[in-house]
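Here are my notes for you to read beside the model. Take the points in order, and find each element on screen as you go.

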Amino acid sequence: MAISRYNFARRIPEGVSISSASFLIFRAASRGTIKTKNIILEEGRRLDQLAGENYGDGAYWWVIAAASGIGWGLQVPAGTLVRIPVSLEAAIGVII
């Protein structure tokens, strides 16, 4: 059986819904509460690759998706503005 790319719920604190976590991270990134770096996604790049490069674990792709307000897809079109929270701990901290 394949491992689901949505198997990240264990990384969200218990009692917090996925949609709530996503909204809180998006709001914090939009307001500047958490520092982000902005990139324009290049052809062939995926959010899990960016998460692996920035956080050491591709499973945190959803944090980048949430901060960017782009939904839950790993494959995002080239040219999309992507907000990457500089600190994973700060991004996760807004949902606790």
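**Notes on a predicted model**

1. Start with two helices. The axes of helix α1 (residues 18-31) and helix α3 (residues 61-68) come within 7 Å of each other and cross at roughly 60°. That angle makes α1 oblique to α3. The crossing of α1 past α3 is right-handed. Keep in mind that this is a predicted model.

2. Which residues make this contact? From α1 come Ala 21, Ser 22, Ile 25, Phe 26 and Ala 29. From α3 come Trp 62, Val 63, Ala 66, Ala 67 and Ser 68. Sort the residues of the α1 contact with α3 by class: eight are nonpolar, two are polar and none is charged.

3. Now turn to the next pair. The axes of helix α2 (residues 47-55) and α3 also come within 7 Å, and they cross at roughly 105°. Angles of 65 to 115 degrees count as roughly perpendicular, and α2 and α3 are therefore roughly perpendicular to each other.

4. Look at the residues behind that second contact. α2 supplies Leu 47, Asp 48, Leu 50, Ala 51 and Tyr 55. α3 supplies Trp 61, Val 63, Ile 64 and Ala 65. The contact of α2 with α3 has eight nonpolar residues, no polar ones and one charged. Val 63 of α3 is listed in the contact with α1 and in the contact with α2.

5. Step back to the whole chain. The protein chain has four helices and two strands. Along the sequence they follow the pattern α-β-α-α-β-α.

6. How much of the protein chain counts as buried? Of its 96 residues, 35% do. The chain exposes about 5,500 Å², and carbon and sulfur atoms supply 52% of that area.

7. Check how far contacts reach along the sequence. Take the contacts in the protein chain between residues at least 6 apart in sequence. Of these, 69% join residues at least 24 apart.

8. Ile 40 lies in strand β1 (residues 36-40). Is Ile 40 buried or exposed? Exposed means over 50% relative accessible area, so Ile 40, at 52% relative accessibility, counts as exposed.

9. Finish with the neighbours of Ile 40. Leaving out residues up to four places away in sequence, Ile 40 touches Gly 79, Thr 80 and Leu 81. Ile 40 and Leu 81 are 41 residues apart in sequence. In space they are 4.7 Å apart, C-alpha to C-alpha.

Key:
Residues numbered from 1 in each chain as written. Predicted model: local features only at pLDDT ≥ 70, side-chain atom pairs only at ≥ 80, totals over all residues. Heavy atoms only, no water. Axes fitted to C-alpha atoms, helices over the stretch in contact; angles between N-to-C directions. Parallel < 35°, antiparallel > 145°, perpendicular 65-115°, else oblique. Left-handed = near helix turned anticlockwise from the far one by under 90°. Contact = heavy atoms within 4.5 Å. Nonpolar A, V, L, I, M, F, W, Y, C, P; charged D, E, K, R; others polar. Buried < 20%, exposed > 50% of the residue type's maximum accessible area, 1.4 Å probe, protein only. Areas by Shrake-Rupley, 256 points an atom, 1.4 Å probe, with all protein chains shown as cover.
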